[in-house]
Amino acid sequence: MSEYFIAFLVGGFICLIGQLMLDLTKMTPAHVMSTLVVAGVVMDGLGLYDPLIDFAGAGATVPITSFGHALYHGAWAEAEKNGLIGIITGIFEVPSAGISSAIVFGFLGALVFKPKG
Amino acid sequence: MNNLPRVSRQTWRFSKDIRILGSGVATGPLEGDGPLGKEFDCVFEDNYASEDSWEKAERKMLGKAVDAALQKARLTGEDIDVMLAGDLLNQIITSNYTARGLDLPLLGLFGACSTSMEGLAIAASLVEGGFVRYALTGCSSHNSTAERQFRYPTEYGGQKPPYAQWTVTGAGASVVGVGTAGPRITHATIGKVTDMGIKDPFDMGTAMAPAAADTIMKHFQDLNITPDYYDLIVTGDLGKVGYAILKDMLKDAGYEMSPHYRDCGMMIYRQDQDVFSGGSGCASSAVVTYSHIMNGLCSGKYQRVLVVATGALFSPVSFQQGESIPCIAHGVAMERVLA
Amino acid sequence: MAGNQSMQKTGWKWSKEGYAKHAEQYKPKKPVAFNCLKAFTIGGLICALGQGITNFYIAFFGFTEQNAGNPTVATLIFLAVLLTGFGVYDNIGQFAGAGSAVPVTGFANSVASAAIEHRSEGWVLGVGGNMFKLAGAVIVYGVVAAFFVALVKKLWFLIF
C-alpha cells in the first residue's frame, strides 16, 4: 500500500510545482509543460531521475517530467553504443509509447467525438 | 450649444426622429437560463443550434435575431437599404455569411465587443444623412468559436482565473429608421482607442474600463449632463472587475455612477452560473440592449438609457507578440418617446 | 488637445504606468493555496492510479518493473482521450489546474482536444495539422533539451 502513497505524494508534489508556476508567474500551461519536460531531461542528465523512479514508481513516471527522462534516456543509451549519431537515432526510442498512443488515440477520438463546448 | 449633428469631435446628435423599429435576440441555453432569459426571442436548446459546427451555430443565431428584428419592425429584407454587422471571428465570417443569405448590401464592421453600438451609431447616422431609409444592424458571438480562436480548443483542460470572463453565446439585431414606434436614438459618442498597457488576455475588464470611462466622460462633457440624466447606463462587458474600476474612475472625475450604472455582462447571468467575472463578447451588449433595454424603453421602465459597448481590440497574434490590449468603447443614447 | 481633456486627471488611474500597476487590486486574487491543494490531490491521485495500472500489468501480463511504464502510459492516455471526448476533462482541468495538466493525461488531453476541435476543418489540415498545436511545444523543447544535454555529456566524456 505504501507504494501507492509514495506515488501519490511525489506525483502530487510535481503537480504542485506546476501549479505554483501557473499561479505565481505569467507562464501559460504550454510554458509550464515545456519547462517541466526540460527539467526532466536535465535531471536525468545528472542521473537523478532513475533513483526517483525507483523510489516513487508511477509518481515519477506519470508526470510530464518523465517524458523528458524518456527522451534523454533513449538518446544517451544510443550515444553510449553508437557515438554521437546515437543521440539523433535514440531520442524517440523510449518515449514512443506516449507519443504514438497520444497520436493514435487522439485521432480515434476525433473520429468518434465532437467537441462538447 | 448648437443644433448641428456634430456636437464635438466624438459626439453626434440625431435631429431626425430616428427609432429602433424592431429588435431581435437569439441565444444559447446558458444565457436563456439567466435572469433575462424570458425576454429573448429565441433560445436554442444546445450550443450547436442543431448545426454541425460552432461557426454555423453562431451564424444561425444571427440569422434568427435578424428575422425577429425584421418581423417586429414589420419589414422584410426588401425594405432594408444596408446591413451593418460584425462579429469576433477572423474576417467577420458570421456577418458575411449571414448577409449572403439575406441578399442585402453589407457594411462589415469590426469593433470587437463594441460592434453592437458601433453598428447602431452608424445605422442612425446613415438614416440621419438620408442615405438609407431603413438600416439593419447586428452582431454575434459564440463561446466556443471565441474560445477556439482566441484561447484553446473547447475540450482543453486549462484553468481559468477568477477574473476571466465568459463569452456570451448569442446574437442581437435591430432595424433603425425614421418612424413612429420604438425608442428614439438621440446621440452617439464614438470612442478613441485607449491602451493602458494591460497584457493579460484573461483580464479584459481591467483593460477596457479606461476606454469606457473616456467615452462616458466625453459624452457627459459634450452634452453638459451628469449621470442622473439617464435612468440606466450600461457598459457592454466589463464584468465585475471592470465594473468596479469604472465606477471608481468616474468618481475620481466627479461623476457618481452608482444608482444607474450596470454592466450587461453581469446582467445576463445569475450569480450562481459559473461565468467567473461575467459575460463578454459582441453578444453581451447586443443581447441585453435589444431585449431587456428595448422592452424597458417601450414599457416605461426606463426613460433614457445610455449603452456603452466596450471592445478589446487584440488578436491571438498581437498578444503572443507581447503587445498590450488596445480597447475602445462606443456609446449610444436612447430615449422613450410617448406615443 | 481638446479631445484629451477628459484624461487630464491626477492619480494612478489616469496614467498608463500607474494603471497597469494599481489596477491589480481590483482583481480577485487567485486562490493559490487552494489551487495547490487541488493540484496536489488530483495530480497525486492520477499518479496513484498509474501505480495501480502498473501493478496490474506486472501481475497479470508478465511485464517487469522496467517496462510496465509503457502500457501504463498508453492506458492513461486512452482514459484521458475518452474523458476529453465526453467533455469531462476540461471540467477536471478547471478544478485541478496543474493537477490534471502535468500528468501524461494532460498531454493526451492537449492532443485529443485539438484533434477533436479542428475536425471541422478537415482530416488533414484540421485534425492532422492541429493535433500538436499545444503539445508540440513539449516535444520540441524535450527533444532539443535531450539532444543538447546528451551532446554535452558525450563530449565531456570524450574529452576527459
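Chain A contains seven helices and zero strands, where helices (H or I, at least four residues) and strands (E, at least two) are DSSP runs numbered from the N terminus. The model is a predicted one, in which local features need pLDDT of at least 70, side-chain atom pairs count only at pLDDT 80 or more, and totals for chains, interfaces and linings use all residues. Residues are numbered from 1 along each chain as its sequence is written, chains are lettered from A and ligands numbered from 1 in the order in which they are written, and side-chain values use heavy atoms, with hydrogens and water left out.

Read along the sequence, the pattern of chain A is α-α-α-α-α-α-α. The C-alpha trace of chain A spans about 50 × 35 × 35 Å along its principal axes. Chain A has 117 residues, of which 51% count as buried; buried means under 20% relative accessible area, exposed over 50%, and partly exposed in between (1.4 Å probe, protein chains only). Among the contacts in chain A with a separation of 6 or more, 44% come from residues 24 or more positions apart. Contact here means heavy atoms within 4.5 Å.

Chain A meets chain C through 65 residues of chain A and 64 residues of chain C. The size of an interface is often given as the accessible area lost when the parts come together. Between chain C and chain A the buried area is about 5400 Å², and carbon and sulfur atoms give 79% of that area. Buried area is the accessible area (1.4 Å probe) that two parts lose on being put together, summed over both. Phe40(C), Val102(C) and Lys154(C) supply 12% of the area that chain C buries against chain A, more than any other three residues.

The same interface holds 15 residue pairs in polar contact, with both residues at pLDDT 80 or more. A polar contact is a pair of N or O atoms within 3.5 Å; within protein, one must be able to donate a hydrogen and the other to accept it, and residues adjacent in sequence count only if both atoms are side-chain atoms. On the side of chain C that touches chain A, at least two residues each come from α2 (32-61), α3 (69-85), α4 (89-96), α5 (98-101), α6 (104-117), α7 (123-130) and α8 (136-159) of chain C. The largest share, 17 residues, is supplied by α2(C). By class, this side of chain C has 43 nonpolar, 15 polar and six charged residues. In this division Ala, Val, Leu, Ile, Met, Phe, Trp, Tyr, Cys and Pro count as nonpolar, Asp, Glu, Lys and Arg as charged, and the others, Gly among them, as polar.

Chain A also touches chain B, with seven residues of chain A in contact with ten residues of chain B. The area buried between chain A and chain B is about 690 Å², of which 48% is given by carbon and sulfur atoms. Lys114(A), Pro115(A) and Gly117(A) supply 59% of the area that chain A buries against chain B, more than any other three residues. Across this interface there are zero salt bridges and four residue pairs in polar contact, both residues being at pLDDT 80 or more. The side of chain A that touches chain B divides into two nonpolar, three polar and two charged residues.

Within chain B, all nine residues of strand β14 (residues 327-335) are buried. Cys327(B), Ala329(B), Gly331(B), Ala333(B) and Glu335(B) point one way from β14(B), and Ile328(B), His330(B), Val332(B) and Met334(B) point the other way. Two strands pair if DSSP finds at least two bridges between them. Strand β9 (residues 184-189) of chain B runs antiparallel to β14(B) and is joined to β14(B) by five bridges, with Ile185(B) partnered by Met334(B). Strand β13 (residues 304-312) of chain B pairs with β14(B) in the antiparallel sense over nine bridges. In this pairing Leu306(B) is the bridge partner of Ala333(B), and Val308(B) stands opposite Gly331(B). Eight of the nine residues of β13(B) are buried, so β13(B) is largely enclosed by the rest of the structure. Strand β10 (residues 232-235) of chain B pairs with β13(B) in the parallel sense over four bridges, and Leu232(B) stands opposite Val305(B).

Note on methods
A salt bridge is a side-chain nitrogen of Lys or Arg within 4 Å of a carboxyl oxygen of Asp or Glu.
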